[in-house]
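Hi everyone, thanks for making time this morning. Let me put it on the screen.

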Amino acid sequence: MTGAGDPAAADNELDTEFSETVRQTGASVGALYLLASDEQVLWLDVLCGAPAEFAAPWARVSMAAPAPVAEAVREDRMVWVAGQEEMARSYPRTAMVLPYPLVLLAAPVTGARRWGALLLMWPATRPSYMTGRERGHIASRCRRLARLLEDAAEHGRPPARGGRLRVVPTATGRRSGSPATAAADFAERLPGGSCALDLEGRFTYVSSGACDLLGREAGELLGTLPWQSLRWLDDPTYEDRYRAAVISRESVSFTACRPPDHWLDIHLYPDASGISVRIVPSGAQPPPSPAPRRSTGTATPARAGQLYQLTHLAAALTEVVGVQDVIDLVADQIMPAFGAQGLVLSTADAGRLRITGYRGYAAHVIERLDGLPLDTDFTPAGRALSTGIPAFFADPEEMRCVYPEAPRASGKQAWAFLPLIISGRPVGCCVLSYDHPHAFPAEERAVLTSLAGLIAQAFDRARLYDTKHELAHGLQQALLPRTLPQVTGLRVAARYLPATRGMDIGGDFYDLIRLGDTAAAAVIGDVQGHNVAAAALMGQVRTGVLAHATLGTPPDQVLARTNRLVTDLVPDLFTSCLYAHLDFARRRVTLASAGHPPPLLRLPDGDTRPVVVPPGPLLGIDPDAVFPVTEIPLTAGLMLAFYTDGLVETPETDLDDSIAHLAHHLARADDRDLDLLIDDLLGKARTTGRRTDDLALLVVQYTPMPTEPL
């Protein structure tokens, strides 16, 4: 047993169980992701079967990202990707950083709570399906991992989410092999040359034949990376072959020229412990090997790992929506990618630099830097923005020579000032800073400069989006009722939830209209679209319904007249609407629908079912449309729930099944507090996570005064 509060012991137990899981499943690479405390991000905690450098592009995954691990946690299910073609089709961003033949599975790690996800990869030679027994085994291993995490948390050893990535070896489960000397003798007897690389790519063994063919002594090669110790292998194409072998666990072959004219055929044979390498002169009989399944890359101007990282970041920047998304992406992915500890992202506004986001700085430092004029000589930010030329300072002394006060103000030791410019127009400035002196080699400067252009494009789009979103959201909030009127004999509660971050505003609306002392009307609707036009039309529809209803117009005519209004105002937008007239004197409810989901009726005995309301067409399609009416008795204790499709529509689920599911929960909900009842319904419908549509829910219950005749 481990002692309470010993995080190292907890990590050891978790690492051992994780490594054994990878071994038992036969996976070549395994990764364990843990959910951050705010449940918005998955952090890579433990890796097995690949070096940490490989995982840099996917070390942090947003829960909203279109990635297998995020989807597994969001939807609490296993995600199986049967090959590279399916990966490119379903998860193109993931395919960019894993462009190798493989199959992949992401499984949620869930116990009493959600902990994260287990990611497993196999070579593409594995069958493209997973049996029920295999799924059950992996689910069992995930439950074990969850139990270890829960046990550690209960004993004061919670996992350090976002800490240093741990790389653990695969549990081999086999005995040690022959003595090293026998293995070396065996390799020396083979024709050509033999080498061994670890999973990091470093030489761990070189035969004399390999030394002759490579033109170097063993002492010059051991412990080095081939593309660093052998300059003629310093080509991203060759490094990418090694990466392909590690990830796919398939043999890879290529031909390289050792200057001046010695052509060599190099064959890589990977497994979980490293890579065996055979080298023979080009044209000689190569050792037998299966043919590679597909090409694994082409030559590029940067190191392969950096190229994949840059490609991943570029793809991520195309998907951000709001300014906060840009800030989070730069802070959580670009900062770690370049080893930075500080970030300041500023926007050019009215001749000043306004800080919109930062990381790694104290609040008083940001207050000192916020609002500096564009022509300031306090920091290089203004000059970088005005000239469009990035500025790099490797240490405080270099900065102090030009900007004497800047190093003391920020407390950092190295800086990269990246101007954000679009078509000659200054947008802002991105500053990456370091806690220690940091040299900026030419290759890194080039990558950062290119990345600054992508950040500028994303930042400018995000500012425009936020402006439009705030306008639409403000318009919609102004048009929705702030409070519902008090109607004698009715208990009422309502809720509106916008789509989650990253989606536009919607056009869902609801209303309760008091019609004298003996009647009321309940209205709910959904305008097509998610933009300012939808929000504006929502206000017009709500106003039209209110105007016609207060004149005592019957339900079918309320919809018919509002329909003509919508057709005239916005002929290319359509609206669903449900109108219910509650007549307390006649004890009747009269309903009319314009293509809207049916309301749910709950009787006093708990019997709950959808009300059959023959729908007319959506508002805005046919100016002469007719809307049938339906009448039901209004009895004491009767409850009606009106909702929009955002509450019941989910991918791959039949709409009737979703409505029946909602009715099932409404039947069992406690009706003593209607606001709590709505909370319960929203929770059961899983609306607290990511929503691609907004939703509205209006619940009314008839509770006549005791003196009223029934």
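Let's begin with an open sheet of five strands, in the order S9-S8-S12-S11-S10, with antiparallel pairing. The edges belong to strand S9 (203-206) and strand S10 (252-258); each has a single partner strand, so one side of each is left without a neighbour in the sheet. From one strand to the next, the twist averages 25°.

Before I go on, some housekeeping. This is a predicted model, where local features need pLDDT of at least 70 and side-chain atom pairs count only at pLDDT 80 or more, while totals for chains, interfaces and linings use all residues. Residues are numbered from 1 along each chain as its sequence is written, and side-chain values use heavy atoms, with hydrogens and water left out. As for terms, helices (H or I, at least four residues) and strands (E, at least two) are DSSP runs numbered from the N terminus, and two strands pair if DSSP finds at least two bridges between them.

Strand S8 (residues 193-197) runs antiparallel to S9, and three bridges join them; Cys195 has Val206 in S9 as its bridge partner. Helix H10 (residues 236-248) lies across S10, strand S11 (262-271) and strand S12 (274-281), running at about 160° to S10.

Now, how many of the nine residues of strand S5 (residues 102-110) are buried? Eight are, so S5 is largely enclosed by the rest of the structure. Buried here is under 20% relative accessible area, exposed is over 50%, and partly exposed is in between (1.4 Å probe, protein chains only). Strand S4 (residues 79-81) is joined to S5 by three bridges, antiparallel, with Val79 partnered by Ala106. S5 also pairs with strand S6 (residues 114-123) in the antiparallel sense over nine bridges, and the two form a hairpin with three residues between them.

Finally, the inside. A nonpolar core is a set of buried Ala, Val, Leu, Ile, Met, Phe, Trp, Tyr and Cys residues joined through side-chain atoms within 4.5 Å. The largest one has 63 residues, and those touching the most other members include Tyr33, Trp58 and Ile266. H10 gives the largest share of this core, six residues. There is also a second, separate core of 54 residues, with Met538 and Leu640 among them.

Key
Axes are lines fitted to C-alpha atoms, for helices over the stretch in contact, and angles run from 0 to 180 degrees between N-to-C directions. Contact means heavy atoms within 4.5 Å.
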